[in-house]
Amino acid sequence: LAAFAHGPIAWRTMSGEEEEEQRARTLQIRGLFACSSDEEPSEADEEEEAEEEDEEDDDDEAADDVEEPSPVPEPSPCNKAAKKQQSREWAFDDTWDVSKFAEEIPEPALTFPFELDTFQKRAVRRVERSEHIMVAAHTSAGKTVVAEYAVAHALRQGMRTIYTSPIKALSNQKFQEFTKRFEGIGSVGIVTGDVAVNPEAGCVIMTTEILRSMLYRGDKGLSQVKWVIFDEVHYVNDADRGVVWEEVIILLPAEVSLVMLSATVPNYREFAGWVGRTKRRPVYTVHTSYRPTPLRHSLSFRGHSIPLLDGEGFHAEAFQRTKELLNEKVKQAPRPNRRVPVTFESRPFGMTPSKGEGIVGYVVEKVNHNDPSKPAARLGVKPNWVVVTVAGADVVGLSLDEVQQLTKEAELPVTIEFEVPSAGKDKDQAGSGYPEKHRGGQAQKHQAPQQRAVPPPSRESRERTETQRLQALLRTLEVEGKLPATVFVFSRRRVEGLAADMPNVDVCSAEEKSKAHTFLKAAFERLSEADRVLPQVRRVEELANRGIGIHHGGLLPVVKEAVEIMFSRGLVKILLATETFAMGVNMPARSVVFTSWTKHDGSTRRTLLPSEYTQMAGRAGRRGLDTEGHVFILCGDEPPDQKQITRMMTSKAEPLNSRFP
């Protein structure tokens, strides 16, 4: 392999043999599972394959005098059948009978307070054998057990483990977890772009980019590494950063064993096969689609929770229900009439009461618009308004004469309160008391109103409606005991905006408020005086007092870490977060809310990918605490697109693909 220099990749001068080997390996790098269609495998690679096959064959080893068969040219890796064949050569599904687990591992390196699942036992056995292992399982299925066992396995042998993660939030959380888990067993450190704590520890947690930099400069600390754990290894699919995982796997020393933890992806064996061919060692795969805590997915539409996906399957009829709700005429109780106080400073008022049969009290029939000395019209009094109080005295039920007598005797200025009837069909006519006129003074004939195109609601209007519906949903979750909840928002600005627009949401008890205050006071003690009064610090403190937290990349590391700890302790019950919070951070909630099923990916707005939705929805349901997790998709004014939602929730995850240029 090439020697990497700092900064851009630089290749050193290589001998002819090395160039030939590098050419073959470069073809491998450019595509995880295929090469360019106009390239053929090198002879050196074919001979190496043939030699390894011969070494594995005991009969050929014994027969030294038998002439070795000439190597058969390997089919082009671009051929699909060849790809599958290569995958089968290096990746093997682990189907070991776990009933013999206790016999094979009588003294495990690490014990757990619960019975391990089948896939966990198989993976632990491979760790005991120091074999490459790839675990593909749903979020919250328990993949961390395998990582913890690998750390303990290395510590028992006096060697080190490197635990890599795609984001700093996951690194911080694992550092906290592992520090407690391995207290008294071994030391734990962390190295990210923000912090470096105990980098020489037996287990060091870092981002994958940090490990790549160590490999570039040939860090001596790598010589004692027994295991490298790749958490969220499916991040290799990331368009911008996926190449980092490929480079690290290629550059790691051959003696280092790998633990690869991944979400469920359709071609996990194909990826494992590439790793096996690259490292020239078999990779054992463990896959499970079992989810310990089942999920119940629902649409939240106009105050209704409509089941969409659960243990019984996908409910396509949910979309018909949203259309029915859209067309349904909601019967509401009549609103109480509005009351308007008007203060008169002179008489006469300029109002003519109605005197028809059946009319009780003072009902304005006409308002004098012609005499400026009569103030009723100037003060906004309209026909059909009903006098209900005069100078504070209730006149409801009195006759017209009695009300008029009170208005004459009242001392000026006098305040008269009117009851304004609800708007009806004749709103415009009732508002003036006179037919509209042309400029020439002739009465205008009645014309049917012209239909105008309704402009789309503004962004402010949409966001205000979204906030109101989210508040209503959160209050429902609180009443139904479905908190804590993680609310995924695909914009930092909206995370801040939603938090600011919900000042009346308070889900904290007095005791929890006290604990949150005490914790934040201690957490922010290390900040300078200037930093303690930063807007984001003050905002997090104010929100925590109501059981609300925010989490996005714009927060200071210490602030973000404080929010994560409070959420894990149950002091924050509503967390507004961007999608990076779902990337491996083991902080499940009882419920997950999506404020949208689309996001802007930097170039265009698109529907969430099935893998993205599964990753975030998987944060619902806490193993051992909840019988089921709840996922809600918050809808706007219109029913969601059935095709988009169905594809997002039921399609297979995207296959892993190489990101090498």
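Predicted model: local features only at pLDDT ≥ 70, side-chain atom pairs only at ≥ 80, totals over all residues.

Me: Let's start in strand 17. Which residue there stands opposite Thr389?
Reply: Asp394 of strand 17 stands opposite Thr389. Strands here are DSSP E runs of at least two residues, and helices are H or I runs of at least four, both numbered from the N terminus.

Me: OK. How many bridges join strand 16 to strand 17?
Reply: Two, and the strands run antiparallel. Two strands count as paired if DSSP finds at least two bridges between them. Strands 16 and 17 make a hairpin with two residues between them. In the turn, Ala391 has a positive phi of about 55°.

Me: What else does strand 16 pair with?
Reply: Strand 18 (residues 414-420), antiparallel, through four bridges. Glu417 in strand 18 is the bridge partner of Thr389.

Me: Why is strand 16 called largely enclosed?
Reply: Four of its five residues (386-390) are buried, so the rest of the structure largely encloses it. Buried means under 20% relative accessible area with a 1.4 Å probe, protein chains only; exposed is over 50%, and partly exposed is in between.

Me: New topic. What is the strand order in the open sheet of eight?
Reply: The order is 12-11-10-25-22-19-21-20, with mixed pairing. Strand 12 (313-314) and strand 20 (548-551) are the edges. Each has a single partner strand, so one side of each has no neighbour in the sheet.

Me: And strand 19 with strand 22, in which sense do they pair?
Reply: Parallel, over four bridges. Ala485 has Ser591 of strand 22 as its bridge partner.

Me: Which strands does helix 15 lie across?
Reply: Helix 15 (residues 459-479) lies across strands 10, 19, 21, 22 and 25. Contact means heavy atoms within 4.5 Å. The helix runs at about 160° to strand 25. Axes are lines fitted to C-alpha atoms, for helices over the stretch in contact, with angles from 0 to 180 degrees between N-to-C directions.

Me: And helix 20?
Reply: Helix 20 (residues 557-569) lies across strands 19, 20 and 21, at about 135° to strand 20.

Me: How do helix 10 and helix 11 pack?
Reply: At an angle of about 35°, with their axes 9 Å apart. Helix 10 contributes Glu246, Ile249 and Ile250. Among the contact residues of helix 11 are Phe271 and Trp274.

Me: Now rings. How many aromatic pairs are there?
Reply: The structure holds 11. One is Phe178 with Phe182, edge-to-face, 5.6 Å centre to centre and 85° between the planes. Rings of Phe, Tyr and Trp (its six-membered ring) pair with centres within 6.5 Å; planes under 30 degrees apart are stacked, over 60 edge-to-face, the rest tilted.

Me: Are Phe178 and Phe182 buried or exposed?
Reply: Both are buried. Phe594 and Tyr613 form a stacked pair, 4.9 Å centre to centre with 25° between the planes. Phe594 is in strand 22 (591-594) and Tyr613 in helix 21 (610-617), so this pair ties together parts 19 residues apart in sequence.

Me: How covered is helix 21?
Reply: Mostly: six of its eight residues are buried. They include Tyr613 and Met616.

Definitions and conventions: Residues numbered from 1 in each chain as written. Heavy atoms only, no water.
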